[in-house]
Amino acid sequence: MSALALGMHRARRRLRVPAEWRQPLAIAGVVIASIWIVVAIFAPLIAPYGPLALVTSSAEGPSLHHLFGTDELGRDVFSRVLFGSRVSLPIALGLVALAATIGSVVGAVAGYFRGVVDGALMRAADLVFAFPPIILAMVVAAVLGRGLYNAALAIVVVAWPSYARVVRGLVLSVGDSEYVQSARLLGASSRRTLVRDVLPNVAGPVFVLATLDLANAILLLSGLSFLGLGAQPPKAEWGSMVAEGTQYFQWWWIGTFPGLAIFTVVLAFNFLGDSLRDVFDPRTARRVEVGEA
Amino acid sequence: MSVLSVEGLRVRLPTPGGDVTVVDGVDYEVRPSEVFGIAGESGSGKTVSMLALLGLLPERSSVEGSARFGGRELIGMPRRTLRQLSGRDLAMVFQDPYTSLHPMLSVGRQLTEHVRLHLGVDRQAAKRRALELLGDVRIPDPQSALHRFPHQFSGGMRQRLAIAIALACRPRLLIADEPTTALDVTVQAGILRLLDRLRHEHELSVILITHDLGVLSSLADTVSIFYAGRVVESGPREEVLQRPRHPYTKALLDALPHPEAAKEKPLVAIGGVPPAPGRIPPGCAFHPRCAYAVEQCLSVVPRLAAAGDRRLACHVDPFVEP
Amino acid sequence: MSALELHDVVVEYEGRGGRVRAVAGASIAVPAGRIVGLVGESGCGKSTLARAAVGLVPATAGTISFEGRTVTPLKRRTRPAELVRLQLVFQNPYSSLNPRRTVGSQVGDGVRGVARKARVQTLFELVGLPAAAASRYPHEFSGGQRQRVAIARALAADPSVIVLDEPLASLDASAQAQFANLLTSLARELGVGLLLISHDLAIVRHVADDVSVMYLGRIVEVAETQPLWTNPAHPYSEALIAAVPRPDGEGVLPESLPGEVPDPASPPSGCRFHPRCPYAFEPCPREEPLLLPLAGNRAAACWLQEPGATPVQLSRPGVVS
C-alpha cells in the first residue's frame with residue numbers, strides 16, 4: 001500500500017536512530033561484539049593472570065579469586081578465556097579480509113569477462129561448495145600441517161567462494177542494469193562504470209557477508225583447534241580449551257566457559273550481520289521530499 | 001435502498017512513528033446496479049478505505065465509522081463472518097492480474113472451489129456454474145480453459161478470470177480496484193464493456209476505483225473524488241466531470257490533454273505534490289495547492305455537504321455563477 | 001536527411017521454439033526539432049525498436065543511421081563519440097538511476113570538460129529541479145522528479161536526438177503533464193529531435209508532430225498527428241483511437257477490439273492484423289501489405305488503401321476527433 005509505505009517512510013525520518021537498529025537483537029549484537037573487541041585489545045590489562053601462569057596446584061572450581069576456575073594444570077581459566085580472544089578475533093578478522101579480497105576479485109573478473117572465464121572460475125567455486133566446510137578445512141589443514149596460521153589458510157580456502165558468487169551476481173545484475181546502460185550510452189567505458197556504478201553496490205553486501213562470515217570463521221577456527229589441527233597447546237585458544245575440557249569432564253568449568261565465549265561471539269556477529277543487511281537494503285531507505293524549482 | 005452506505009469512515013494505520021490517519025471521514029452511498037466511481041491519486045486513501053470494508057487491513061489498524069451493507073454493519077464485524085460475506089455477497093478485483101490468481105491451481109479448480117466453499121453445492125453443479133461464469137466473461141473455449149493455468153492466459157484474460165471468480169457467488173457488490181490500469185487500451189475497453197454488461201445483467205453494483213478519469217467517465221454513474229483521505233466532491237458523473245466545482249477536480253481535468261486544445265498550449269500541471277498521510281495540512285488539505293484558497297481554508301476542514309446536484313467539500317465553490 | 005533514420009530494421013532474439021522477430025521490418029525517421037510518437041500495445045516491439053535505435057540491442061537486419069553514421073551495437077567497447085549525441089531515457093524511473101550515487105554525479109557522467117558542477121546545475125534548472133537537488137540520492141525524489149533527472153542526464157550529452165521509452169508510464173497525471181510540457185520545450189527551444197514511445201495515445205496526440213503506429217513488429221501507419229486522429233488510414237490505428245476512453249463525462253464506452261495479440265513467434269499469414277480486422281477481405285489473409293506512401297505525407301500498410309492516393313476513410317461510425 002503506497003499510503004502505508006509513505007507513512008512509514010515519514011515516521012522513520014523523525015527518529016534519530018533508524019528502525020533497523022532499534023531491534024533488540026541488533027543492539028545485543030553490537031554490545032556483545034564491542035565488549036569482546038575491547039577485551040581483545042585490553043586483555044593484558046584486564047586479565048588477573050597470564051595465560052600460561054600456573055596459579056593453583058590443581059583444578060579448582062569457580063570462585064571469587066578465579067571467576068571461571070582453574071584448569072588441570074592450575075592455570076586461571078578466566079584469564080585464558082580473555083587472552084583467547086586475542087587469538088580468535090584478530091586471526092578471524094585477517095582471514096575473512098583475505099577471503100573477501102580473493103573472492104571479490106575472482107567474482108568481479110568472472111562477472112566482467114563472462115563466457116569461458118566465468119565458467120572456469122565458477123566451477124572452481126562450485127568445487128569448494130561441494131564439500132562440507134569443516135571437512136574441507138580439515139583436509140587442507142591436515143595437508144598444510146598443524147598450526148594456527150595453517151588452519152587460518154585452510155579456512156580462507158573454504159570461505160572465498162561465497163564472496164565470489166555474491167560479487168559475480170552483483171557485477172552481472174548491476175552490469176545489466178539500466179543505469180549502467182545509461183552511463184555507457186553517455187560514453188563511459190566499461191571500466192569506468194565498474195568503478196563508479198558497480199563498486200558502490202558491491203561494497204555493502206560484501207561487508208554484510210564478511211560480518212556474518214566472521215562468526216563462521218571463529219567457529220571453524222575453534223573447531224579445527226578442537227580437533228587438534230589449529231592452535232597447539234599450551235596456547236590459550238578457545239577451541240583447544242574446549243578440547244581439553246572434554247578430557248576433564250568432571251571439572252566442567254574448563255570446557256564450558258571457552259565454549260560460552262565462542263557461542264556469544266558467534267551469536268553477536270550473526271545478529272550484527274543480520275541487522276547490517278537491513279541497513280544496506282535500498283528498500284528501507286528513508287525518503288525526504290524534494291521541492292520544486 | 002442502498003447496497004452500501006458508508007458514514008464517517010476513518011482509518012488509522014500503525015507505523016513505527018505512530019498511528020497515521022489515512023482515511024479521514026469519508027461518506028458515500030452505493031445504489032443497486034450503480035457503478036460508483038472513486039477517483040484519486042496515489043496516497044488519497046481510496047484503496048485503504050476499501051480494504052477497511054473487507055477487513056483486510058493490518059492487525060493494529062483502527063477503523064471508525066459505519067459501513068452498512070445489506071443491513072449489516074461491516075465495521076467491527078468478526079473476521080470469520082466477514083470472510084463468509086466477502087467472496088459471496090461482496091467481492092473484490094485487484095489491479096495486478098499477474099498475482100491475484102493462484103498460480104498452481106487450474107482455472108476450473110479455482111472457480112469450483114470458490115463456488116463449493118461459499119454455496120456448498122456438489123461438484124457437478126459447481127462445474128456447470130464455472131462454465132457459465134467463463135461464458136459470462138467471454139473466455140474463448142471455456143471447456144479447455146477449465147483445465148488451463150493462469151500463466152497460460154494473457155493479462156486481459158486473467159482479469160476476466162478474476163472477475164469470473166469474483167462473480168461466482170452472485171455478489172451484490174463488486175469492488176474493482178484499478179482493474180484495467182495494467183492493461184493495454186484495447187484490452188481495457190473490453191473489460192470496461194464487460195463490467196457494464198455484467199452490472200446490467202446481474203443487478204450488480206460496482207465500486208470502481210481508478211486514477212484514470214477517462215475510465216470513470218465511460219463507465220461510472222456517480223463519481224467521487226478523493227484527496228488526502230477525504231471526499232472533496234461527489235455527484236453524477238456528467239455534472240462532476242463536465243462542470244467540476246471543486247478546485248482539485250477542475251485541476252485534475254485540466255491536467256489531461258484535451259482533444260480540442262491547441263497543440264502548442266502547455267498542459268496545466270497542478271503545482272506541488274499531494275500530501276503524505278500524516279502530513280496533511282490543517283484546514284482544507286488542498287489549500288496549499290489551491291488558486292482560490294481564502295482565510296477560512298487554512299484552518300477549517302470543509303465538510304462534504306449537499307450543494308445542488310452533488311456534494312461538495314469546499315469553502316469557496318469558485319466556479320459557480322451566482 | 002533526418003537526424004535519426006531506421007530502415008527496415010529487424011530484431012530477432014532466441015525464443016523457446018526458435019528465433020522470434022520482435023521487430024519484423026520497421027522504418028522511422030526522426031528529424032531534429034520534431035517529436036515523433038511511436039504508439040502500439042504490448043508485444044508490438046516498440047521498446048525493442050527503441051533499444052535497437054540507440055544500439056543497446058543489435059539489429060539483425062536493416063540500417064540505423066544517426067547524423068549520417070551507422071549506429072553500431074554497444075558491446076564491451078566504449079561507445080563511439082559520434083553516437084553520444086543519441087540518447088535514451090528509460091521507462092522505469094526507479095531502476096534507471098543508481099541508488100548509491102547522488103543524482104548530480106550521475107547527470108555529470110555525460111558532461112565533458114572542467115565546468116562540470118556548473119553545467120550540472122544548469123541542467124537541473126533546465127528540467128525544472130532545484131540546483132541544490134544535485135547532491136541528493138534517487139530515493140529522495142518522486143517518480144516524476146526522477147524522470148526529469150533522467151532527462152537531465154540525457155541532455156548532459158548535448159543530444160540532437162533523444163529516444164524516450166514509455167517515460168510517462170509510471171507517473172501520475174500531474175507529473176505527466178509537467179513532463180509532456182518539458183518535452184515540448186526541448187524540441188521547440190533546444191531543437192532536439194524526440195522519439196517518444198508510449199501507449200498513452202492522448203498524451204502522444206498532444207505532444208507529437210508525427211505518429212507511427214506499430215502492430216506485432218511492424219509499422220502499420222505513419223502520419224502527422226492531426227490527420228491520423230481525424231482520419232486514420234489503417235484499421236488498427238482506428239481501433240486504437242476508438243479504444244481510448246474520453247474524460248468528457250458523456251458515459252460513452254470505448255470501442256473494444258476482439259481477439260488477442262498473436263504470439264510474435266507465429267504471426268498470422270498475410271496481413272498480421274487480419275484475424276482481428278473488421279474490414280478484412282480477400283487479399284488480407286493471403287499477402288502481407290507493405291507500408292506504402294499515401295498522399296499528404298502519410299503511409300499505411302493496408303490493402304484498403306491505394307498507394308499514392310488520398311487515404312480512404314474507414315467506415316466505422318463513432319470515430320470522432
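Start by selecting helix H10 of chain B, residues 247–254. H10(B) is mostly covered, with 6 of its 8 residues buried; a residue is buried if 20 or more other C-beta atoms lie within 10 Å of its own, exposed if 12 or fewer, and partly exposed in between, with C-beta atoms placed from the backbone. Helices here are DSSP runs of H or I with at least four residues, strands are runs of E with at least two, and both are numbered from the N terminus.

Before moving on, a word on what you're looking at. This is a predicted model, where local features need pLDDT of at least 70, side-chain atom pairs count only at pLDDT 80 or more, and totals for chains, interfaces and linings use all residues. Residues are numbered from 1 along each chain as its sequence is written, while chains are lettered from A and ligands numbered from 1 in the order in which they are written.

Back to H10(B). Color its buried residues: B:Pro247, B:Tyr248, B:Thr249, B:Ala251, B:Leu252 and B:Leu253. Now show what they pack against: within chain B, that's H8, strand S9 (222–227), strand S10 (230–236) and H9, and from chain C it's helix H5 (173–190).

That takes you to where B and C touch. Select the whole contact: 35 residues from chain B and 36 residues from chain C, where two residues are in contact if their C-beta atoms, placed from the backbone, lie within 7 Å. On the chain B side, the elements giving two or more residues are H7, helix H8 (213–219), helix H9 (237–242) and helix H10 (247–254). H7(B) gives the largest share of that side, 7 residues.

Pick B:Glu203, in the loop between helix H7 (185–201) and strand S8 (205–210). B:Glu203 has a positive phi of about 50° although it is not a glycine, and with 12 C-beta neighbours inside 10 Å it counts as exposed. Then jump to B:Ser33, in the loop between strand S2 (18–30) and strand S3 (35–39). Phi of B:Ser33 is positive too, near 60°, and its 16 C-beta neighbours inside 10 Å make it partly exposed.

Next, chain C. Show its open sheet of 8 strands, in the order S6-S7-S8-S3-S9-S10-S12-S11 with mixed pairing; two strands pair if DSSP finds at least two bridges between them. Strand S6 (86–89) and strand S11 (292–294) stand at the edges with a single partner strand each, so one side of each has no neighbour in the sheet. Zoom in on S9 (210–215) and S10 (218–224), which pair in the antiparallel sense over 6 bridges. One bridge to find joins C:Tyr215 to C:Arg218.

Finish in chain A, which has 10 helices and 0 strands. Of its 293 residues, 45% count as buried. What is the peptide bond from A:Pro233 to A:Pro234 like? The bond is cis, with omega near 10°.
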